[in-house]
Every structure is written in structure tokens, then in C-alpha cells.
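Hi,

Here is the structure I promised to send over. Have a look at it first, and my notes follow below.

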Amino acid sequence: MNNIKEKFIVTAAQMRQIEERIFIAGMPVAALMEKVAGLVTRKIQKLLNPNISQIGVLVGPGHNGGDALVIARELYFQGYEIIVYRPITKLKELTNAHAKYLQSLGVDFIENISPIKNCDLLIDGLFGFGLEREVSGDLAEAINQINSWQKQIFSIDLPSGIHTDTGEVLGTAICATHTFCLGLWKQAFLQDQALEYIGTSELIDFDIPLADITAILGEFPTIERITKTSAIENLPLPLPPATYKYKNGNLLLITGSHPYTGAAILTGLAARATGVGMLSIAVPESIKPILNNHLPEALIIGCPETETGAIKQLPKDVDLSKFEAIACGPGLTTEPTSIIEKVLSVNCPLVLDADGLNICGNLANNSLVSQRQAPTIITPHLGEFKRLFPHLANQLNNRILAAQKSAENSNLVVVFKGAKTIIANSEKILINPESTPALARGGSGDVLTGLVGGLLAITSTKISPFEAVKTAVWWHAQAAILAAKERTELGVDAFTLSQYLIPALEKI
């Protein structure tokens, strides 16, 4: 596949416009249906268990149903027994033509769901992209019944019942084990709430001309998937043959407290993995020996601390202006408010995570953040996002749109963490398509903060902070994927994750 198409993400409206251009140019709808269905059929055949003999095909009234019927026809000719469930008898003209031909071959068409319970596999072609209304009545009951059987289900384009843009379940939806996304990635595949219905997924590239894509999305689309190619081009490898530590970035981490010593260690280990030339870590004086033990090459700055073991203030001899980047927050507790105020005044990229965000509170009302000239990178999970942007809480049914609005008219780079982490600034949105539930553990975010900080410091004169953050998010996920593959998802604690950062690069 032409890798460039992997980055594109479309809404239902955009996909309609792109397809319309193809049809106006002369591509017959029937020819495209045959091509797409042929590609999907070949993919299905590669995934089929040798013991499968009977296949149930769920057919809707539109062209998604037509695709399913062509697939059913081709599998019938391969010797599989086919049963077609057609709950809606009135079909589009082309879909109806395929139905008539399949019936002429002796394939059974049914309107009652019960006979397909005994099928070895189901192919879902009830509804494609663009569904807006809720699935209800007898059809909703049928879908719920199908899901209760827990069979292997292949969905064509989208699981029926999933909103193309938001990923919402429209009343009910098919719970697919594998989904073949046709042509271009739809936004639903990058929305957390759709993932349990989509199952595994792959893009079926049916050769949409790039000119038709860019005519609708533009030469530089606002929303893109992060690809491996775009992520690794920002890695600080290989290093220049003649360099030195002060040329490879100077990073300050302000992190940790007596109760949360581990947060400082994890953030530091991740920053170290970036190869940053100079790493300084400000921590409470009482935990300085522990940090020295884990990160002997770092400059550990012992700070005066409060009675509860949090940083009270930075030492007077710490010159914040000498750093290329500062990352602040993991394990800090909410006591050091004056420190956050101080770092917000510094003119370098600043990463705020965890307690750094908690201290800032509602960002819409935080003038220190809004008035910053240098980039501010924030890394909220869902709960933190709600606290930071309470005015967007009712728009979280579409995480992509919520992230976009959170970064509008500001110098913020918002890293909205989730199963599909979203990176947004005032001009662009990037979504990381590959991740693992293994990251849903305490400390994983601390590792990400260290990666972001290190890459910001190293690349400060070479690429934009937005690009550095993109690479950090992708790298973080790739390390987790590798660790989960080797140790299972249960074996990826945050410390283990930090130890897989370099092996993940070695795999590349």
C-alpha cells in the first residue's frame, strides 16, 4: 500500500465528496463495488479458519449491502455455504441486482435472524459510513442477539450502528472481531468509544487517486494519523559525528515528592532514553540520594521541602533561562504553586503533566498559561481534561473535536491521552493509531512526560515542539506494544515500559 494514504482521516461528508469525484470522473459504481468486494474477499479468505464451512452474510439496503452480496457470491463460488440475512427488503438498484443474481444461484435469503445462529462466521454489511439515525426496533433486537452469540464477525467499512465521525453507538451496533475500512480511514477508528466494536482493523486501499483526496482534504489536512515514517524522521538519530553534551539539549525536570519518589525516577529514566545531553532533575532534598542511585549521570538538584515532603521552592542558584525545555508535574503534589508560576514565566517549551496541571486548574481562566509566548505542552487524561476545560465536558462524545477546541486560539499543544492519543494545536490534529491497553497503568504518563521533555530539549533548534511531541507519543506507544508482545499486557508496569524504549527503537 502507498503509505501516504495511511495518514489520511475522513469524515462521512468528506468520503462522500471524494467518492463523488471518482464517479464523476467516469468510474462506474458497479465496477468500484466489484473491485472493493474482490479486495475484501481475498482478505477474508486469508483470515478464514480451514474448518469454516457455513457463512452468514448480513445485508442492508445500500451499497454496503451490495459489497456484502458480491463478497457472498465470491465465497459461494469458493465452495462455502452462504445464508443471507436481509432484514430490509427494499434495496438500492445495484444492491438489488446482486441479490437477484445470488438468489438465482440457490442461496437462501432470510428475514428472521435465527437460521444464521449456526453459521461459523458472519459478514456484516448492514450499514456503511454515514449512518446518522439510531438503529431500533426488530433490527436492533437482531443485532443484540447476534452480539450475544459471540461469533467471529467481519464488518465491511464500519460495524453497523457506529457513527462514522464520533464513533458513537447509534442505539446498538455490531460488535465485530475485525473491520475492513474501505478507501480511507474514517474518524470512528480513532475514537476511543468505538474500539470495542471495531475489533482489529485494516485499510482496504482501492486506489483512490491522491488528487481526489487532496482536492477535498487539502494538501496539508487538518487531521492526520501519525505514521511510522513521519514519527521516526524526528528521532535524534543518527547523532552528528562532531557534537557535545551542551549541543544535545539541556532539560530540567521538576518532579517528585517524598510520597511519589517513583514518579521522579520514571520521568528521569524516560528522559535519559532520549539521549538528551544534559539532564537536571529538581526533587525534594530528602529523596536526592535515591535519584542519584537510579540516574547517576543526571544532575540531581535537591530542593527545600515542605513538612509533607513536597518541593517548597527551587534553589536560588537554579537559572531556568539556561534550559532548552522544562517538564514539570509528575509526583509533585499540589503544594508547589509558586514553582508552577515561576516556570510559566520562562521563555522555553514547557511540559505540564499530572500535578502541574492540577495546580493550573481551569486553563480557560489561567492568565499565566494563556499569556505564555513559548509553547506549553499539556498531557491530560480524560479526568484532567474535564477539570482543565470544563466548558468542553459536554463535547467529549467526539474526542477529536474536543481536543481541537481545547487548543484553539492558544499556544497550547494538547496531548489528550487515551486509547488513541490525540495531539492538537491551534492549526493541526494528529492521532496515534497504534497503542495497547498495557499503558493503562500508573506511571505510564510519567514516562511519556520524560520522553516529551527530552525530545523537546534535543530538537529545540531543529523541529517544532509539535513535531517533537508527535514522535514522543508514537515512541511511547511502540515501546508498550513491544513490551506487551514479549511480556503480555499484564507485564508492562511503568518501570518495564521505560526499559523498552531503546529496544523499541532497535526494532525499527
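A quick definition before the pocket: on a 1 Å grid over the protein atoms alone, a pocket is an open set of points where a 1.4 Å probe fits, with protein on both sides within 12 Å along at least five of seven lines, and lining residues have an atom within 4 Å of a point. Points are joined across faces, edges and corners, and the volume is the space filled by probe spheres set on them. Keep in mind that this is a predicted model, where local features need pLDDT of at least 70, side-chain atom pairs count only at pLDDT 80 or more, and totals for chains, interfaces and linings use all residues. Residues are numbered from 1 along each chain as its sequence is written, and side-chain values use heavy atoms, with hydrogens and water left out.

With that in place, the largest pocket comes out at about 730 Å³. It is lined by 27 residues, and those closest to its centre are Arg225, Pro433, Glu434, Gln478 and Ile481. Helices here are DSSP runs (H or I, at least four residues), as are strands (E, at least two), numbered from the N terminus. At least two lining residues come from each of α6 (195-198), β9 (200-204), α17 (465-487) and α19 (501-507), and α17 gives the most, with 5 residues. By class, the lining has 13 nonpolar, 6 polar and 8 charged residues; Ala, Val, Leu, Ile, Met, Phe, Trp, Tyr, Cys and Pro count as nonpolar, Asp, Glu, Lys and Arg as charged, and the others, Gly among them, as polar.

Now the helix packing. Axes are lines fitted to C-alpha atoms over the stretch in contact, and angles run from 0 to 180 degrees between N-to-C directions. Helix α3 (residues 63-77) packs on helix α4 (residues 93-104) at about 25 degrees, with the axes 8 Å apart. That makes α3 roughly parallel to α4 (under 35 degrees; over 145 is roughly antiparallel, 65 to 115 roughly perpendicular, and the rest oblique). The crossing of α3 and α4 is left-handed, meaning that the near helix is turned anticlockwise from the far one by less than a right angle, whereas clockwise is right-handed. In contact terms (heavy atoms within 4.5 Å), the α3 side includes Leu69, Val70 and Phe77, and the α4 side includes Leu94, Tyr101 and Leu102.

Helix α2 (residues 29-47) also meets α3: their axes come within 8 Å and cross at roughly 55 degrees. The two are therefore oblique to each other, and the crossing is right-handed. Among the residues in this contact are Met33, Val40 and Ile44 of α2 and Val70, Ile71 and Leu75 of α3.

Helix α1 (residues 12-24) and helix α7 (residues 210-217) pack at about 140 degrees, with axes 9 Å apart. That leaves α1 oblique to α7, again with a right-handed crossing. Ile18 and Ile22 are among the α1 residues that meet α7, where the partners include Ile213 and Ile216.

Two backbone details to finish. Most residues other than glycine have a negative phi, and most peptide bonds are trans. The bond from Leu237 to Pro238 is cis, with omega near -10 degrees, and Pro238 sits in the loop between α8 (228-232) and β11 (250-254). Ala354 has a positive phi of about 50 degrees although it is not a glycine; look for Ala354 in the loop between β15 (350-352) and α12 (355-360).

Cheers
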